[in-house]
Amino acid sequence: MTWWPIGASLFASSEGSGLFIGLAGSGAAGGLAVAGFEWNATYVLLALAWVFVPIYVSSEIITMPEYIQKRYGGQRIRMYLSVLSLLLSVFTKISIDLYAGALFVHICLGWNFYLSTLLMLAITALYTIAGGLAAVIYTDALQTLIMVVGAVILTVKAFDQIGGYEHLATAYAQAIPSRIVANTTCHLPREDAMHMFRDPYTGDLPWTGMTFGLTIMATWYWCTDQVIVQRSLSARDLNHAKAGSILASYLKMLPMCLIIMPGMVSRALFPDDVGCVMPSECLRACGAEIGCSNIAYPKLVMELMPTGLRGLMIAVMMAALMSSLTSIFNSSSTLFTMDIWRRLRPRAGERELLLVGRLVIIVLIGVSVAWIPVLQGSNSGQVFIYMQSVTSSLAPPVTAVFVLGIFWRRANEQGAFWGLMVGLAVGASRLVLEFLYPAPPCGHVDARPAILGSIHYLHFAIALFALSGAVVVTGSLLTPPPPAAQIQNLTWWTLAKNRPPGAKTGDTQKQAFWARVCGINAILLMCVNIFFYAYFA
């Protein structure tokens, strides 16, 4: 594939309608800082194209678990990564997409929340059975285009309502609901709402966590996740992969203006609904007691879009959610049948695998629907922050194993396996505590354990990465090193650097020219990114 579909596809893969609802909701709740989750992707996408893709191409692999199996040997790490992938599908993908879709139906049509969830599932099932994966691929590109055009129109209309960008800070600061909880400040918009870099101790998104902890989580998402890496591996050559990453990085700058700021405007226009703090008011506005910031984007679509465009925008959002769910269902059932069921029953026939695949989808849906109430009540009801906090507990050990596998030849299977296991034990312990002790509602005393109350989830990601890395290093040094033949072409230091057979000198010169063009563009991109960070810091 050429560079521009790769860039567009990398962007589209990460910007589902769940993210529209989540980012706008977090913008409404806390201001601009959540844009750091989008802007941080610039550096990690460049690392993907310049560091990770050359290694994946050199190792001649198709899937990420396959790379890990080649690099470390053995079956158990590959099996663990497959199970972890299924868990993350349930907790961070399926349940969020179902919730986002049901929320849209609930706000737009006023139907009961769980009836809306069942409706979403029924239509998705029909869509999957009738159209399959081909239907998903054909509709994805068109949906993304309509969503972006719709978002631009909505942004212009939203800013028009408050008198332009220059009035955003004032309008947001005055977005106070009419009914508040006495003797508290949780109804007041944050004073640092217009700042990207926030206090490392008292900030809701501390700059230390947003710089270091987020980079660890983003490396897992952009450089080791099958869905994303697959896009880059389909590039015609390395320069197309690099150009695709650069385009995707530029596109990732857009959500600040197209999603997050409109979320803040939504709170300024509808403070009693989007900014509610009284449980009874929140129940009336969105059906959840803990907060209604998630309805910021649907509310804006319903109130400001002209009738025809409103219908189109809702239809496209729902279609994007369904295509996202369908592709998750397809990949999850394939993953389970091929990587797990085949191991348990090597002689399983085609019919049995097909049946197991369908049963897996039903189980995943059941668990995801049962999980929605937990999702609704966690992280002050902010979907996007919930997704990041789950990732911060499960992803850092995987990042550590990939990074050490690529940059340290001595890393071996025993070290990697125990690094993952220790990381899982510590990360899962925090995750369980987080669900047992959710953040208290407005006006209640915070009685959560110290590991939750005093250690931010982004700081926890740094500690978990360091701990897992230390276990990998210790375990590897205490056991024999991997044989030289096993790491050939699989680490940064043992890359296949030979020119491809049959490559002409003219081709090589052309490649070198475009490599320089990509390099210059990458430097320019980082300058633009740093300027934006500095402007809003």
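This is a predicted model: local features need pLDDT of at least 70, side-chain atom pairs count only at pLDDT 80 or more; totals for chains, interfaces and linings use all residues.

Biologist: How many disulfides does the count come to?

Modeller: The count comes to 3 disulfides, taking a disulfide as a pair of cysteine sulfur atoms within 2.5 Å. With the bonded cysteines numbered in sequence order, the pairing is 1-6, 2-3, 4-5.

Biologist: Which cysteine is joined to cysteine 186?

Modeller: Cysteine 442, with an S to S distance of 1.6 Å. Cysteine 186 sits in the loop between helix H8 (168-173) and helix H9 (207-223), and cysteine 442 in the loop between helix H20 (413-436) and helix H21 (450-453), so the bond ties together parts 256 residues apart in sequence. Helices here are DSSP runs (H or I, at least four residues), numbered from the N terminus.

Biologist: Is cysteine 442 buried or exposed?

Modeller: Cysteine 442 is buried, at 19% relative accessible area, while cysteine 186 is partly exposed at 37%. Buried means under 20% relative accessible area, exposed over 50%, and partly exposed in between (1.4 Å probe, protein chains only).

Biologist: What about the link of cysteine 276 and cysteine 282: left-handed or right-handed?

Modeller: Right-handed, with 120° about the S-S bond. The sulfur atoms of cysteine 276 and cysteine 282 are 2.2 Å apart.

Biologist: And which way does the disulfide of cysteine 286 and cysteine 292 go?

Modeller: The torsion about that S-S bond is about -80°, so the disulfide is left-handed. Its S to S distance is 2.0 Å. Cysteine 286 is buried at 5%, as is cysteine 292 at 2%.

Biologist: Changing topic: which residues make the nonpolar surface patch?

Modeller: Leu109, Trp111, Leu115, Leu119 and Ile123 make a patch of about 440 Å². Patch residues have over 30% relative accessible area and no salt bridge, and nonpolar side chains are joined within 5 Å. A salt bridge is a Lys or Arg side-chain nitrogen within 4 Å of an Asp or Glu carboxyl oxygen.

Biologist: Where does the largest share come from?

Modeller: Helix H7 (residues 113-162), with 3 residues. Isoleucine 123 is in helix H7 and is partly exposed, at 38%.

Key
Residues are numbered from 1 along each chain as its sequence is written. Side-chain values use heavy atoms; hydrogens and water are left out. Patches are made of residues with over 30% relative accessible area and no salt bridge: like charges are joined within 9 Å, nonpolar side chains (Val, Leu, Ile, Met, Phe, Trp, Tyr) within 5 Å. Accessible areas come from the Shrake-Rupley method with a 1.4 Å probe; for residues, only the protein chains shown count as cover. Helices (H or I, at least four residues) and strands (E, at least two) are DSSP runs, numbered from the N terminus.
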